[in-house]
Amino acid sequence: MTDLLPVRGSPGSPYTRKMLALLRYRRIPYRYMQAPQADLPAPKVGLIPVFYFADDTGAFDAVVDSTPIIRRLEEEYPGRSVIPKDPVTKFLDTLLEDYGDEWLTKAMFHYRWYYADDIDMAGSILPHYADVTESDDKLATMKKAFSERQISRLYVVGSNDTTAPVIENSYKRFLSCLNNHLKKYPFMLGNRPGSADFGCFGQLTQLTQFDPTPGKVVIAQFPRVHAWVSKMEDLSGVEPAEDGFLDAGTLPSTLQDLLTELGRTYVPVMLANAHALENALETVTTVVDGKPWQQEPFPYQGKCLQWLRIEYARLEEHDKNRLDGILQGTGCEALLARP
Ligand SMILES: N[C@@H](CCC(=O)N[C@@H](CS)C(=O)NCC(=O)O)C(=O)O
(Lines give C-alpha, C1' and ligand atoms only; values in the text may rest on other atoms or scores of the structure.)
Protein backbone atom coordinates (compact mmCIF):
# COMPACT_ATOMS: atom_id res chain seq x y z
CA MET A 1 0.00 0.00 0.00
CA THR A 2 2.77 2.45 0.86
CA ASP A 3 4.27 2.28 -2.63
CA LEU A 4 0.98 3.28 -4.21
CA LEU A 5 1.03 7.01 -4.94
CA PRO A 6 -2.04 8.59 -3.27
CA VAL A 7 -4.08 10.91 -5.50
CA ARG A 8 -7.37 12.67 -4.78
CA GLY A 9 -9.72 13.93 -7.47
CA SER A 10 -13.13 13.68 -9.05
CA PRO A 11 -14.45 12.32 -12.37
CA GLY A 12 -15.93 15.74 -13.19
CA SER A 13 -12.54 17.46 -12.94
CA PRO A 14 -10.67 17.70 -16.25
CA TYR A 15 -7.30 17.99 -14.51
CA THR A 16 -8.02 14.84 -12.49
CA ARG A 17 -8.75 12.98 -15.71
CA LYS A 18 -5.57 14.39 -17.27
CA MET A 19 -3.49 13.03 -14.41
CA LEU A 20 -5.15 9.63 -14.06
CA ALA A 21 -4.60 8.96 -17.77
CA LEU A 22 -0.99 10.08 -17.38
CA LEU A 23 -0.43 7.73 -14.42
CA ARG A 24 -1.89 4.80 -16.37
CA TYR A 25 0.26 5.48 -19.43
CA ARG A 26 3.38 5.94 -17.29
CA ARG A 27 2.56 2.75 -15.33
CA ILE A 28 2.91 4.57 -12.03
CA PRO A 29 1.04 2.58 -9.35
CA TYR A 30 -1.47 4.82 -7.58
CA ARG A 31 -4.47 4.78 -5.28
CA TYR A 32 -7.28 7.13 -6.21
CA MET A 33 -9.55 8.72 -3.63
CA GLN A 34 -12.68 10.65 -4.52
CA ALA A 35 -13.13 12.40 -1.15
CA PRO A 36 -10.81 14.13 1.36
CA GLN A 37 -9.08 11.71 3.75
CA ALA A 38 -8.64 12.40 7.46
CA ASP A 39 -5.13 10.89 7.49
CA LEU A 40 -3.79 12.98 4.61
CA PRO A 41 -2.91 16.70 4.79
CA ALA A 42 -4.91 19.39 2.97
CA PRO A 43 -3.14 21.21 0.12
CA LYS A 44 -2.31 24.93 0.50
CA VAL A 45 -4.64 25.77 -2.40
CA GLY A 46 -8.00 23.98 -2.41
CA LEU A 47 -7.80 22.52 -5.92
CA ILE A 48 -8.02 19.02 -7.32
CA PRO A 49 -6.32 16.78 -8.26
CA VAL A 50 -4.09 16.55 -5.18
CA PHE A 51 -0.96 14.39 -5.20
CA TYR A 52 0.49 13.23 -1.87
CA PHE A 53 4.24 12.83 -2.11
CA ALA A 54 5.98 11.09 0.79
CA ASP A 55 9.21 12.60 2.15
CA ASP A 56 12.14 10.61 3.60
CA THR A 57 10.35 10.17 6.93
CA GLY A 58 7.19 8.86 5.20
CA ALA A 59 5.19 12.04 5.93
CA PHE A 60 2.99 13.25 3.08
CA ASP A 61 3.10 16.62 1.38
CA ALA A 62 -0.11 17.59 -0.48
CA VAL A 63 0.73 19.08 -3.89
CA VAL A 64 -1.53 20.57 -6.58
CA ASP A 65 -0.93 21.80 -10.13
CA SER A 66 -0.74 19.14 -12.80
CA THR A 67 1.91 20.71 -15.07
CA PRO A 68 4.81 20.79 -12.53
CA ILE A 69 3.61 17.46 -11.07
CA ILE A 70 4.09 15.83 -14.50
CA ARG A 71 7.72 17.08 -14.52
CA ARG A 72 8.30 15.86 -10.96
CA LEU A 73 6.96 12.41 -11.86
CA GLU A 74 9.43 12.29 -14.77
CA GLU A 75 12.26 12.61 -12.23
CA GLU A 76 10.87 10.15 -9.73
CA TYR A 77 9.64 7.45 -12.12
CA PRO A 78 11.91 6.88 -15.11
CA GLY A 79 10.76 5.48 -18.46
CA ARG A 80 7.75 6.02 -20.74
CA SER A 81 8.47 9.76 -20.71
CA VAL A 82 5.84 12.24 -21.92
CA ILE A 83 8.45 14.98 -22.44
CA PRO A 84 10.20 14.99 -25.84
CA LYS A 85 14.02 14.99 -25.73
CA ASP A 86 14.55 17.44 -28.60
CA PRO A 87 14.26 20.84 -26.87
CA VAL A 88 12.25 22.31 -29.76
CA THR A 89 9.66 19.50 -29.86
CA LYS A 90 9.65 19.69 -26.06
CA PHE A 91 8.76 23.38 -26.18
CA LEU A 92 5.90 22.74 -28.63
CA ASP A 93 4.60 20.01 -26.32
CA THR A 94 4.68 22.37 -23.32
CA LEU A 95 2.92 25.08 -25.33
CA LEU A 96 0.14 22.75 -26.49
CA GLU A 97 -0.26 21.40 -22.95
CA ASP A 98 -0.67 24.93 -21.66
CA TYR A 99 -3.26 25.64 -24.36
CA GLY A 100 -5.25 22.61 -23.19
CA ASP A 101 -4.99 23.59 -19.54
CA GLU A 102 -5.55 27.31 -19.89
CA TRP A 103 -7.65 27.82 -23.03
CA LEU A 104 -9.71 24.67 -23.63
CA THR A 105 -10.80 24.97 -20.01
CA LYS A 106 -12.66 28.12 -21.04
CA ALA A 107 -14.78 26.07 -23.47
CA MET A 108 -15.24 23.38 -20.85
CA PHE A 109 -16.46 25.74 -18.13
CA HIS A 110 -18.43 27.92 -20.55
CA TYR A 111 -20.51 25.16 -22.12
CA ARG A 112 -21.17 23.50 -18.76
CA TRP A 113 -22.56 26.58 -17.05
CA TYR A 114 -24.00 28.63 -19.94
CA TYR A 115 -26.68 26.43 -21.51
CA ALA A 116 -29.78 25.15 -19.70
CA ASP A 117 -29.34 21.49 -20.75
CA ASP A 118 -25.72 21.44 -19.67
CA ILE A 119 -26.39 23.25 -16.37
CA ASP A 120 -29.16 20.80 -15.58
CA MET A 121 -27.04 17.75 -16.30
CA ALA A 122 -23.94 18.96 -14.44
CA GLY A 123 -26.04 20.18 -11.50
CA SER A 124 -27.82 16.83 -11.26
CA ILE A 125 -24.79 14.57 -11.54
CA LEU A 126 -21.67 16.34 -10.20
CA PRO A 127 -22.89 16.59 -6.57
CA HIS A 128 -23.33 12.80 -6.58
CA TYR A 129 -19.60 12.40 -7.13
CA ALA A 130 -19.06 13.41 -3.49
CA ASP A 131 -21.43 10.69 -2.25
CA VAL A 132 -23.72 8.54 -4.41
CA THR A 133 -25.81 7.47 -1.40
CA GLU A 134 -26.89 11.05 -0.59
CA SER A 135 -30.70 11.45 -0.48
CA ASP A 136 -32.60 12.97 -3.41
CA ASP A 137 -33.77 15.84 -1.21
CA LYS A 138 -30.23 16.72 -0.19
CA LEU A 139 -29.10 16.42 -3.81
CA ALA A 140 -31.78 18.85 -4.97
CA THR A 141 -30.46 21.43 -2.49
CA MET A 142 -26.87 20.76 -3.54
CA LYS A 143 -27.79 20.99 -7.22
CA LYS A 144 -29.20 24.48 -6.76
CA ALA A 145 -26.37 25.82 -4.59
CA PHE A 146 -23.61 24.29 -6.72
CA SER A 147 -25.08 25.43 -10.05
CA GLU A 148 -25.65 28.96 -8.80
CA ARG A 149 -22.08 29.17 -7.54
CA GLN A 150 -20.58 27.89 -10.79
CA ILE A 151 -22.77 30.11 -13.01
CA SER A 152 -21.70 33.11 -10.93
CA ARG A 153 -18.08 32.18 -11.71
CA LEU A 154 -18.40 32.13 -15.53
CA TYR A 155 -16.77 35.56 -15.61
CA VAL A 156 -13.56 34.04 -14.21
CA VAL A 157 -12.86 32.21 -17.48
CA GLY A 158 -14.09 35.19 -19.53
CA SER A 159 -17.39 33.65 -20.59
CA ASN A 160 -20.18 36.16 -21.23
CA ASP A 161 -22.68 36.94 -24.01
CA THR A 162 -20.01 38.76 -26.04
CA THR A 163 -17.33 36.08 -25.75
CA ALA A 164 -19.66 33.05 -26.06
CA PRO A 165 -19.39 32.86 -29.89
CA VAL A 166 -15.61 33.41 -29.72
CA ILE A 167 -15.18 30.52 -27.27
CA GLU A 168 -17.52 28.21 -29.20
CA ASN A 169 -16.02 28.93 -32.62
CA SER A 170 -12.55 28.39 -31.22
CA TYR A 171 -13.63 25.02 -29.76
CA LYS A 172 -14.98 23.94 -33.14
CA ARG A 173 -11.87 25.08 -35.02
CA PHE A 174 -9.66 23.28 -32.50
CA LEU A 175 -11.64 20.07 -33.03
CA SER A 176 -11.26 20.46 -36.76
CA CYS A 177 -7.47 21.01 -36.49
CA LEU A 178 -7.06 18.03 -34.14
CA ASN A 179 -9.24 15.87 -36.37
CA ASN A 180 -7.07 16.66 -39.40
CA HIS A 181 -3.90 15.96 -37.45
CA LEU A 182 -5.22 12.62 -36.16
CA LYS A 183 -5.77 11.43 -39.74
CA LYS A 184 -2.03 10.78 -39.86
CA TYR A 185 -0.73 10.73 -36.27
CA PRO A 186 -2.28 9.11 -33.18
CA PHE A 187 -0.92 11.86 -30.88
CA MET A 188 -0.31 15.60 -31.06
CA LEU A 189 3.47 15.26 -31.14
CA GLY A 190 3.52 12.22 -33.40
CA ASN A 191 3.58 8.53 -32.62
CA ARG A 192 3.85 8.62 -28.84
CA PRO A 193 1.86 10.61 -26.28
CA GLY A 194 3.28 13.83 -24.85
CA SER A 195 2.10 15.99 -21.95
CA ALA A 196 0.11 18.03 -24.52
CA ASP A 197 -2.10 15.04 -25.28
CA PHE A 198 -2.92 14.60 -21.60
CA GLY A 199 -3.68 18.32 -21.12
CA CYS A 200 -6.07 18.46 -24.07
CA PHE A 201 -7.52 15.05 -23.24
CA GLY A 202 -8.45 16.18 -19.71
CA GLN A 203 -10.64 19.01 -20.94
CA LEU A 204 -12.03 16.90 -23.81
CA THR A 205 -13.24 14.15 -21.43
CA GLN A 206 -15.82 16.62 -20.23
CA LEU A 207 -16.49 18.42 -23.52
CA THR A 208 -16.97 15.26 -25.57
CA GLN A 209 -18.23 12.66 -23.08
CA PHE A 210 -20.21 14.56 -20.47
CA ASP A 211 -21.64 17.96 -21.36
CA PRO A 212 -24.42 17.59 -23.96
CA THR A 213 -23.97 20.78 -26.04
CA PRO A 214 -20.24 20.45 -26.84
CA GLY A 215 -20.67 16.66 -26.98
CA LYS A 216 -23.21 16.95 -29.83
CA VAL A 217 -20.69 18.93 -31.89
CA VAL A 218 -18.03 16.25 -31.64
CA ILE A 219 -20.44 13.36 -32.23
CA ALA A 220 -21.94 14.98 -35.33
CA GLN A 221 -18.76 16.30 -36.92
CA PHE A 222 -15.66 14.73 -35.38
CA PRO A 223 -16.22 11.06 -34.46
CA ARG A 224 -12.46 10.49 -34.81
CA VAL A 225 -11.79 12.93 -31.95
CA HIS A 226 -14.46 11.27 -29.82
CA ALA A 227 -12.72 7.92 -30.33
CA TRP A 228 -9.32 9.46 -29.58
CA VAL A 229 -10.55 10.70 -26.19
CA SER A 230 -11.78 7.23 -25.24
CA LYS A 231 -8.50 5.65 -26.30
CA MET A 232 -6.39 8.21 -24.40
CA GLU A 233 -8.03 7.23 -21.12
CA ASP A 234 -5.84 4.13 -20.70
CA LEU A 235 -2.62 3.84 -22.71
CA SER A 236 -0.99 1.42 -20.26
CA GLY A 237 -0.56 -1.17 -23.02
CA VAL A 238 1.03 1.17 -25.58
CA GLU A 239 4.75 0.52 -26.16
CA PRO A 240 6.21 3.86 -27.27
CA ALA A 241 9.04 3.87 -29.82
CA GLU A 242 12.18 5.70 -28.69
CA ASP A 243 11.96 7.99 -31.73
CA GLY A 244 8.17 8.31 -31.62
CA PHE A 245 8.02 12.07 -31.16
CA LEU A 246 7.95 14.22 -34.29
CA ASP A 247 11.18 15.62 -35.61
CA ALA A 248 10.94 19.40 -35.21
CA GLY A 249 12.74 19.72 -38.56
CA THR A 250 9.89 18.16 -40.53
CA LEU A 251 6.65 19.07 -38.78
CA PRO A 252 3.42 18.27 -40.61
CA SER A 253 1.25 21.16 -41.77
CA THR A 254 -1.52 19.87 -39.48
CA LEU A 255 0.61 20.75 -36.44
CA GLN A 256 1.33 24.16 -37.93
CA ASP A 257 -2.46 24.63 -38.29
CA LEU A 258 -2.93 23.76 -34.61
CA LEU A 259 -0.30 26.32 -33.63
CA THR A 260 -2.02 28.92 -35.83
CA GLU A 261 -5.25 28.23 -33.95
CA LEU A 262 -3.40 28.89 -30.66
CA GLY A 263 -2.10 32.14 -32.15
CA ARG A 264 -5.63 33.27 -32.90
CA THR A 265 -7.14 32.95 -29.42
CA TYR A 266 -4.95 31.75 -26.55
CA VAL A 267 -2.00 33.98 -27.49
CA PRO A 268 -3.77 37.38 -27.55
CA VAL A 269 -5.57 36.58 -24.28
CA MET A 270 -2.40 35.39 -22.51
CA LEU A 271 -0.59 38.55 -23.64
CA ALA A 272 -3.43 40.88 -22.68
CA ASN A 273 -3.67 39.13 -19.31
CA ALA A 274 0.05 39.64 -18.68
CA HIS A 275 -0.26 43.29 -19.72
CA ALA A 276 -3.16 43.82 -17.28
CA LEU A 277 -1.22 42.16 -14.45
CA GLU A 278 1.96 44.16 -15.11
CA ASN A 279 0.03 47.41 -15.13
CA ALA A 280 -2.33 46.53 -12.26
CA LEU A 281 -5.35 47.03 -14.55
CA GLU A 282 -8.75 45.91 -13.35
CA THR A 283 -9.77 44.41 -16.67
CA VAL A 284 -8.09 42.42 -19.40
CA THR A 285 -9.19 43.94 -22.70
CA THR A 286 -8.31 42.66 -26.13
CA VAL A 287 -9.79 41.57 -29.44
CA VAL A 288 -10.02 37.88 -30.28
CA ASP A 289 -11.12 36.86 -33.73
CA GLY A 290 -12.45 40.37 -34.37
CA LYS A 291 -14.61 40.39 -31.23
CA PRO A 292 -13.99 42.23 -27.96
CA TRP A 293 -12.64 40.12 -25.10
CA GLN A 294 -12.95 41.30 -21.53
CA GLN A 295 -12.29 39.44 -18.32
CA GLU A 296 -10.71 39.88 -14.92
CA PRO A 297 -6.94 39.38 -14.82
CA PHE A 298 -5.92 35.83 -13.92
CA PRO A 299 -2.61 35.82 -12.00
CA TYR A 300 -2.05 32.08 -12.46
CA GLN A 301 -2.09 32.44 -16.25
CA GLY A 302 0.46 35.23 -15.90
CA LYS A 303 2.74 32.65 -14.26
CA CYS A 304 2.06 30.14 -17.05
CA LEU A 305 3.32 32.68 -19.58
CA GLN A 306 6.43 33.32 -17.47
CA TRP A 307 7.15 29.58 -17.33
CA LEU A 308 6.94 29.37 -21.13
CA ARG A 309 9.30 32.33 -21.45
CA ILE A 310 11.77 30.78 -19.00
CA GLU A 311 11.77 27.53 -21.00
CA TYR A 312 12.40 29.56 -24.16
CA ALA A 313 15.18 31.61 -22.53
CA ARG A 314 16.95 28.38 -21.52
CA LEU A 315 17.16 27.15 -25.13
CA GLU A 316 20.49 27.22 -26.93
CA GLU A 317 20.68 29.93 -29.56
CA HIS A 318 20.38 27.47 -32.48
CA ASP A 319 17.31 25.85 -30.88
CA LYS A 320 15.76 29.30 -30.38
CA ASN A 321 16.28 29.91 -34.08
CA ARG A 322 14.74 26.56 -35.04
CA LEU A 323 11.74 27.26 -32.81
CA ASP A 324 11.36 30.82 -34.09
CA GLY A 325 11.25 29.42 -37.63
CA ILE A 326 8.41 27.04 -36.69
CA LEU A 327 6.36 29.62 -34.80
CA GLN A 328 6.87 32.36 -37.39
CA GLY A 329 3.51 33.27 -38.90
CA THR A 330 1.42 31.17 -36.46
CA GLY A 331 0.82 34.07 -34.07
CA CYS A 332 2.57 32.12 -31.29
CA GLU A 333 5.83 33.99 -31.91
CA ALA A 334 4.23 37.01 -30.17
CA LEU A 335 4.32 35.09 -26.85
CA LEU A 336 8.11 34.99 -26.96
CA ALA A 337 8.89 38.28 -28.71
CA ARG A 338 12.54 38.99 -27.98
CA PRO A 339 12.92 42.44 -26.43
N1 LIG B 1 -3.70 24.34 -12.60
C2 LIG B 1 -4.39 23.30 -11.83
C3 LIG B 1 -5.87 23.49 -11.99
C4 LIG B 1 -6.69 22.56 -11.15
C5 LIG B 1 -8.14 23.00 -11.06
O6 LIG B 1 -8.52 24.07 -11.57
N7 LIG B 1 -8.97 22.19 -10.43
C8 LIG B 1 -10.37 22.51 -10.27
C9 LIG B 1 -11.23 21.34 -10.68
S10 LIG B 1 -10.88 20.78 -12.30
C11 LIG B 1 -10.71 22.70 -8.81
O12 LIG B 1 -10.17 22.01 -7.98
N13 LIG B 1 -11.62 23.64 -8.47
C14 LIG B 1 -12.02 23.86 -7.11
C15 LIG B 1 -12.99 22.85 -6.60
O16 LIG B 1 -13.43 22.00 -7.38
O17 LIG B 1 -13.32 22.93 -5.42
C18 LIG B 1 -3.92 21.94 -12.34
O19 LIG B 1 -3.35 21.87 -13.45
O20 LIG B 1 -4.05 20.95 -11.62
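Me: Where is Pro49 found?

Reply: Pro49 is in the loop between β2 (30-33) and β3 (50-54); strands here are DSSP runs of E, at least two residues, and helices are runs of H or I, at least four residues, numbered from the N terminus. This is a predicted model, where local features need pLDDT of at least 70, side-chain atom pairs count only at pLDDT 80 or more, and totals for chains, interfaces and linings use all residues. Residues are numbered from 1 along each chain as its sequence is written, and side-chain values use heavy atoms, with hydrogens and water left out.

Me: What makes the bond that joins Ile48 and Pro49 cis?

Reply: Its omega is about 0 degrees. Most peptide bonds are trans, and most residues other than glycine have a negative phi.

Me: What is the phi of Arg27, and where does Arg27 lie?

Reply: Phi of Arg27 is positive, about 55 degrees, and Arg27 is not a glycine. Arg27 lies in the loop between α1 and β2. Asp65 has a positive phi too, near 100 degrees, and sits in the loop between β4 (60-64) and α2 (66-76).

Me: Why is Arg27 called partly exposed?

Reply: Because its relative accessible area is 42%, and buried means under 20%, exposed over 50%, partly exposed in between (1.4 Å probe, protein chains only).

Me: How do helix α1 and helix α7 pack, and at what angle?

Reply: α1 (residues 14-26) and α7 (residues 195-209) pack at about 125 degrees, their axes 7 Å apart. That makes α1 oblique to α7, because under 35 degrees counts as roughly parallel, over 145 as roughly antiparallel, 65 to 115 as roughly perpendicular and the rest as oblique. On the α1 side the contact (heavy atoms within 4.5 Å) includes Pro14, Tyr15 and Leu22, and on the α7 side Phe198, Phe201 and Gln209 are among the residues.

Me: Which residues of α9 are buried, and why do they line one face?

Reply: Helix α9 (residues 223-232) has Val225, Trp228, Val229 and Met232 buried. Seen down the axis of α9, these fall within an arc of 100 degrees, so they line one face of the helix; the arc is that of the directions from the helix axis to the C-beta atoms. An α-helix has 3.6 residues a turn, so residues three or four places apart point the same way.

Me: What do the buried residues pack against, and which residues are exposed on the other side of α9?

Reply: The buried residues of α9 pack against α1, α6 (164-182), α7 and α8 (212-221). On the other side, Pro223 and Lys231 are exposed.

Terms used
Axes are lines fitted to C-alpha atoms, for helices over the stretch in contact, and angles run from 0 to 180 degrees between N-to-C directions.
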